[in-house]
Amino acid sequence: MTQTDHTASWTLETQLVHGGICKPPAESAGLPTVHPIYASTTYVHNSAQALDQAFNGITPTGEQAYVYARQGNPNSYALEEALKLAEGGVGAVAFGSGMAAIHTALATGGLSVGTKVLASKDLYGPSIGLLRKVFQPAGVTIVLADLCNEQVSQTIEAEQPDVIYLETLSNPLVKLADLDKISAAAHAIGAITIVDSTFTTPYLLRPIEHGIDLVVHSATKYISGHGDSNGGILISASNALLDQARTYATMFGAMLSPFEAHLMLRGLRTLSLRVERQCQNAMQVACFLQKHPAVERIHYPGLAQHPHHELATHLLKREHFGGLLSFELREQTREAAYRFMDQLTLCLPATTLGDVFSLVSYPPMSSHRSLSQHERQEMGITEGCIRLSVGIEYAEDIIRDLDQALQRH
Ligand SMILES: Cc1ncc(COP(=O)(O)O)c(C=O)c1O
């Protein structure tokens, strides 16, 4: 575009269409402290040659360039840069949902006809659904196994998978997997490791430091943190996987909108404070539930009795065990679980986690709905199992609410 100002000669109709077109503010006009929202589908460059170069993602002066928002926009790029640094990766790609990030990670890992994925049997239900309903019909062999036990290296060696996929903390029983062991065994056979780190966030655990190749998050959860935006993120430990992920993301078209990216970046700024408080609260709640007569069993890695307490002290940030826990009602029935949920007045019975609010969910109704009762039982999820995502409220208020609901359910 030439720099000449033609606007004076335009008719009203044309001025209405072209008025207010974005010009970056001159530094003397004052720069915003917060990244503005770039709600623009496409980007204009100074010359056709600059546009040509921008298609390669770079300006003539070596900065990030934008052409078309499905391929990237300044807001999602800002979020990607922040999470790349937070996770210690070489780069990141933002998505419109956690499931989109997982789908892309699995494809980036190389899942295609004739390949095999070894996945944790404790995965989030829809992630198992994605493997079974999308990748299996495309010719991928799916092996679900316990990756949270001592024999995980032998399992990997025996299965010889192309891709290994697991979560840092399992849902809803908050079991941990030994990431160092898994990455060592995977790399010995040339397998790509993918970890869903939604429950731990980079504040508690950085899987790339433990040799993991690709990290994914449902950014809808702790990263966003306020229950107002859906998104996903993939962080790569290598440039080759990053390039592949970016290519797939562009083709799958599951990009994050600038509005959501803006909210997520805002959420990210308080992540450490929120998670800090959530961990403190969760510990207090776990100690309370542990002694409650209406509670049969509690699952929280911060408690010494949890089978992976030792591993948690090694893997997670010191003295921090996450904001998620689950417990089993003494009366292990769906009816008792529903009665308990209906009595709650502070904790919200809603299907998500990682928000500032305390949230209660019933896995047989939500995350593990698609599995049979028998399958759930095999995973250790009883009909009395309740998952609690502890929020940032005052701990005593959360405890009081749980107590009255437990007494009256
Ligand atoms: C561990 C985990 N991974 C992935 C997802 C999917 O994320 P989204 O709902 O953002 O697609 C969820 C959603 O609850 C989750 O809990």
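Biologist: Which strands do the five bridges join, and do they run parallel or antiparallel?

Modeller: Helices (H or I, at least four residues) and strands (E, at least two) are DSSP runs, numbered from the N terminus. Two strands pair if DSSP finds at least two bridges between them. In this predicted model, strand E2 (residues 116-120) and strand E3 (residues 141-145) run parallel, joined by five bridges. Ser120, for instance, has Ala145 in E3 as its bridge partner. Residues are numbered from 1 along each chain as its sequence is written, local features need pLDDT of at least 70, side-chain atom pairs pLDDT 80 or more, while totals for chains, interfaces and linings use all residues, and side-chain values use heavy atoms, without hydrogens and water.

Biologist: What do E2, helix H5 and E3 make?

Modeller: Picture the strands pointing away from you: a crossover is right-handed if the path from the first strand over the helix to the second runs clockwise. Here E2, H5 (residues 125-135) and E3 form a right-handed β-α-β unit.

Biologist: How many aromatic pairs does the structure hold?

Modeller: Rings of Phe, Tyr and Trp (its six-membered ring) pair if their centres lie within 6.5 Å; planes under 30 degrees apart are stacked, over 60 edge-to-face, and the rest tilted. There are five such pairs. One of them, Tyr66 with Tyr77, is edge-to-face, at 6.3 Å centre to centre and 70° between the planes. Tyr66 sits in the loop between helix H2 (48-54) and helix H3 (74-87) and Tyr77 in H3, so the pair ties together parts eleven residues apart in sequence. Ring pairs also link Tyr43, Tyr66 and Tyr77 into a cluster.
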